[in-house]
Amino acid sequence: MAEVKLEGVTKSFGRTKVIEGLDLEIADGELVVFVGPSGCGKSTLLRMIAGLEDTTAGEIYIGGRRVTDEAPARRGVSMVFQSYALYPHMKVYKNIAFGLTLAKTAKETIDERVRRIARLLQIADLLDRYPRELSGGQRQRVAIARAIVREPKVFLFDEPLSNLDAALRAQTRLEIARLHRDLKATSIYVTHDQVEAMTLADRMVVLNRGKVEQVGPPGELYHRPQTLFVAGFLGSPRMNFLKVDVADAVATSAAGAVPVDVKTFTGPATLGIRPEDLHLAQGGTSPTIRGEATLVEDLGETRIVHVQAADGTDLAFHHREGEPPRPGTTVGLVVTSNRLHLFDADGLRVPNT
Amino acid sequence: MVSPARHNEGQRQRVRAAWLFLAPMLIVLALVALWPLLRTFYFSFTNASLVDLHGREGIGLGNYLAPVDGVWTGLFADPQWWRALWNTLVFALASVFLETVLGVLFALVLNVTFRGRSLMRAALLVPWAIPTVVSAKMWSWMLNDQFGIVNDGLMRLRMISEPVAWLADPTLSLWAIILVDVWKTTPFVALLVLAALQMLPKDCYDAAKVDGIPAWKVFFHVTLPLIRPALAVAVIFRFLDAMRMFDLAYVMTGSSDATMTVSVFARRQLVDFQDVGYGSAASTLLFLVIGLLTLLYLRAMRPDLSGARR
Amino acid sequence: MIRRHLRRSAFFVLVAGLFAWLVFPLYYAFVTSLRSGSAIFRVSWLPDGADFSNYVRVFTEQPFGRNLLNSFLVATAVVAISLLLGVTAAFALGRVKFRGRGTLLVSILAVSMFPQVAVLSGLFEVIRTLRLYDNLIGLVLAYTLFTLPFTVWVLTTFMRDLPQEIEEAAILDGATPWQLVTRVFLPLLGPALVTTGLLAFIVAWNEFLFALTFTLSDRQRTVPVAIALISGGSQHELPWGNIMAACVVVTVPLIVLVLIFQRRLVAGLTAGAVKG
Ligand SMILES: Nc1ncnc2c1ncn2[C@@H]1O[C@H](COP(=O)(O)OP(=O)(O)OP(=O)(O)O)[C@@H](O)[C@H]1O
Ligand SMILES: [Mg+2]
């Protein structure tokens, strides 16, 4: 059993607080992805769990055992780094075996395990090469093999794929998903790539300025973001935000009026509409938001139309079929009304009823 | 509230190991540097002699300045000491100045791409690699008053009409030694400056070229300020080294008053005259003089000793 | 057109002049070493003949072979000790954060800078107490005074530049600090070790003051002292042929080494900004 528990974990570098009183529980066998803007403390948090960084305050538990004061090697974690961090002077075999060698594991056991894992990761015929003789993708697979071979309780990944090109990234992502399905080891994964996060995660943790914004399965975070930050952070193109005033279940702005499904809420708010929930008003439907088309981006499978709404806000929506509006023309838009997001003045989601 | 530094076991082990790793080096340095230095300070207040270090008595400031039978004695009253200090300062200032100017010249030349540059760069390492004693001997031979090639060359060029006694003439010998030191250590300065030159951004030079600014102006207004940190480091290293110069003077001119540096003076007292007390006092004073000048220099220049070239 | 030509010629005259200034003394020592008898006392700018009797005499009139061996042994031992103590110290100073690290680094640098003569009497006492006077081991000990500080200094700068993540990977693999140094950093520092070792070797090979003061007998002398003390039959006539031959003998191996390792030496010199 290897659940990970963080209790009030805090980290300061000198006077700047990077992580502030963070609580989080990760279940055994779960794959949790940390996302957040650059510099929000993802790597720091990961390194604290690994023990590479001291905690200023708070406690860390792995498998029910308090490890806050323990040496990194004794926590039963292993880490895959963005830069691979392979030992340049050792061949692949020795790279993978190094940890076991240090632990004085029997030679036959080492050999058996190294070869089994090399087969698992399809690097069996690279064992006799130096890291400099490998491609980026191969190096990363060696790094993963090195992490796996010690059979850790927890895997930590710090942006493992961000040095790879797009195609390789997609492929390696699938491999990691497969590995996780097979090994069922608790994993924490840091990434900048939303597709990676959405596809791999059992649960996602959105961090912002050293604090947890929201935790939950990817779908829940995407469809029911609890804060304005999460809503804006996930999804590409970004969620559209309109400054509105809510009264009597109608959100009004200079761009138009949108009926919202809240009974009790009144006052200033932000209305969030995902680009896929915004459409051209067609035929008889009367538009709820008006604006002027400014730019059309053709991505092949879809087009993204940018519109300047009547109140000056920039909006974007997907347009899949038919002729897109020409830039400069006035457009009327409608929304999928059961998929709206409303946030109060503090940026918190207004509970829909 | 931030609790006091919490280190996990791994970090604690690292810090412990760090001290353990430092210990052998610190012990050796204490044995060969710190302790001997303290002993030298201590000896300077005694009348210890080399043959019998133990049979010493404290004599207070007797080695520095004290009245004996109504006459002031000690280093401060010793004209030879003052002469040695003067020689050392003249030597250090002149040689460091010349080395810096020549070193920059060498570096500028080596920074130009031309055929034979790598040969030139290799040649630069020749004087640097040659042992000081060997340089001293080579130059003594070249500067020999009767058979020296320098006199021969100068006479052929009609720059002198009769041989010059470079090393025996008290007005010339210190300058002969400065010449050899400049020859030997210019490469060091040149290499440091060259490393700095090669890190300079190319675009400001292109900009200057486009603006048609004359080369000498570019040098004084762009290059020199940019290599100043590297130069400051080179100068302090060279100066500290020049202030302790021993080999050249000892090998080329023995213990002639005209070239005697403080190091030569101190060793002569210590070893030749067996007067450990007096010699230690001279050493101590040299140490203090160098320390003082270094502090003044660091104050004035603030060179980045830790990594000017990174 | 003509101006450009003129400037180019001027540049090459300058380069030729600087080149001659650098190598002429060595060239002239070589020319002299090949002449003997009264020929030495006629200035000759070009080599004339090849008389190797000076070289023979250098080795027969004094234990110069022994002196060479001494220098080699002392320098090698100094290099070994400095690297051994230097690598571990550089790990501590370059990669571990602890209080007093900055002060320690500056003090170490200061040690390499202070005048040797300031420790002469104290070191003399230490060496005599350890019964190492007129003994090569005493010289090895004394030389660590110069070589250890700059070895530590240069290795620390190299150590700092090694990637952090490789060290962290090794820590997670369970490497102790000692294993980190010996199995991860040491192999990665190979080139830096060659550089620093070579610099330390040159320093030890060239040292004069301590060698002169702490040895007494002909057979314990190192090469610089031996050369400085070569004297002829009479007081006023130095055997210049022998001296120049000795100079060439000690210099040539050094120059060869230096030329082979040119680039690395320059990198080391400028990294630590130390003088060899
Ligand atoms: N050793 C350190 N000393 C001081 N500040 C640090 C140190 N390490 C990290 N920080 C700061 O802590 C904050 C969080 O850094 P961290 O590396 O955890 O961010 P991150 O979320 O991983 O960013 P990225 O996505 O760019 O990798 C940053 O503001 C960074 O400047
Ligand atoms: Mg990061």
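# Note on the predicted model

1. C:Asp218 counts as partly exposed, with 41% relative accessibility. The classes are buried (under 20% relative accessible area), exposed (over 50%) and partly exposed (in between), using a 1.4 Å probe and protein chains only. C:Arg221 is buried, at 17%. A salt bridge (a side-chain nitrogen of Lys or Arg within 4 Å of a carboxyl oxygen of Asp or Glu) links the side chains of C:Arg221 and C:Asp218, at 2.4 Å from N to O. In chain B, shared partners tie B:Glu99, B:Asp181, B:Arg238, B:Asp241 and B:Arg244 into one salt-bridge network.

2. **How to read the model.** The model is predicted, so local features need pLDDT of at least 70 and side-chain atom pairs need 80 or more, while totals for chains, interfaces and linings use all residues; side-chain values use heavy atoms, without hydrogens or water. Residues are numbered from 1 along each chain as its sequence is written, with chains lettered from A and ligands numbered from 1 in the order in which they are written.

3. Over all chains, the search finds 31 salt bridges. Side chains of opposite charge can pair when their charged atoms come close. B:Arg156 and B:Asp152 pair at 2.8 Å, N to O. They sit four residues apart in helix α5 of chain B, so about one helical turn separates them. An α-helix has 3.6 residues a turn, so residues three or four places apart point the same way. B:Arg156 is exposed, at 57% relative accessibility. B:Glu9 and B:Arg16 form another salt bridge, at 3.3 Å, N to O. B:Glu9 is partly exposed at 30%; B:Arg16 is partly exposed at 49%.

4. B:Arg268 lies in helix α10 (residues 262-272) of chain B. Helices are DSSP runs of H or I with at least four residues, strands are E runs of at least two, and both are numbered from the N terminus. Leaving out residues up to four places away in sequence, B:Arg268 has contacts (heavy atoms within 4.5 Å) with B:Gln80, B:Ser255, B:Met260 and B:Phe273.

5. **An enclosed helix.** Why is helix α4 (residues 132-142) of chain B described as largely enclosed? Because 11 of its 11 residues are buried. Among them are B:Lys137, B:Trp139 and B:Trp141. The cover includes α5, α6 and α9 of chain B, together with α1, α11 and α12 of chain C.

6. **Chain B against chain C.** This contact takes 95 residues from chain B and 101 from chain C. The two chains bury about 8,700 Å² between them, 78% of it on carbon and sulfur atoms. Buried area is the accessible area (1.4 Å probe) that two parts lose on being put together, summed over both. On the chain B side, B:Arg14, B:Phe21 and B:Trp141 lose the most area, together 10% of what that side buries. The interface holds two salt bridges. C:Glu125 and B:Arg39 form a salt bridge at 2.7 Å, N to O. Helix α1 (residues 9-43) gives the most to the chain B side, with 22 residues. That side divides into 68 nonpolar, 12 polar and 15 charged residues. Nonpolar covers Ala, Val, Leu, Ile, Met, Phe, Trp, Tyr, Cys and Pro; charged covers Asp, Glu, Lys and Arg; polar covers the others, Gly among them.

7. **Chain B against chain A.** Here nine residues of chain B touch 15 of chain A. About 880 Å² is buried between them, 35% of it on carbon and sulfur atoms. The chain B side has one nonpolar, five polar and three charged residues.

8. **Chain C overall.** Chain C has 13 helices and zero strands. Its C-alpha atoms fill a box of roughly 75 × 70 × 30 Å along the principal axes. Of its 276 residues, 59% are buried. C:Asn242, in helix α12, is buried at 5% relative accessibility. Beyond four places in sequence, C:Asn242 is in contact with C:Asn54, C:Arg57, C:Val58 and C:Glu61.
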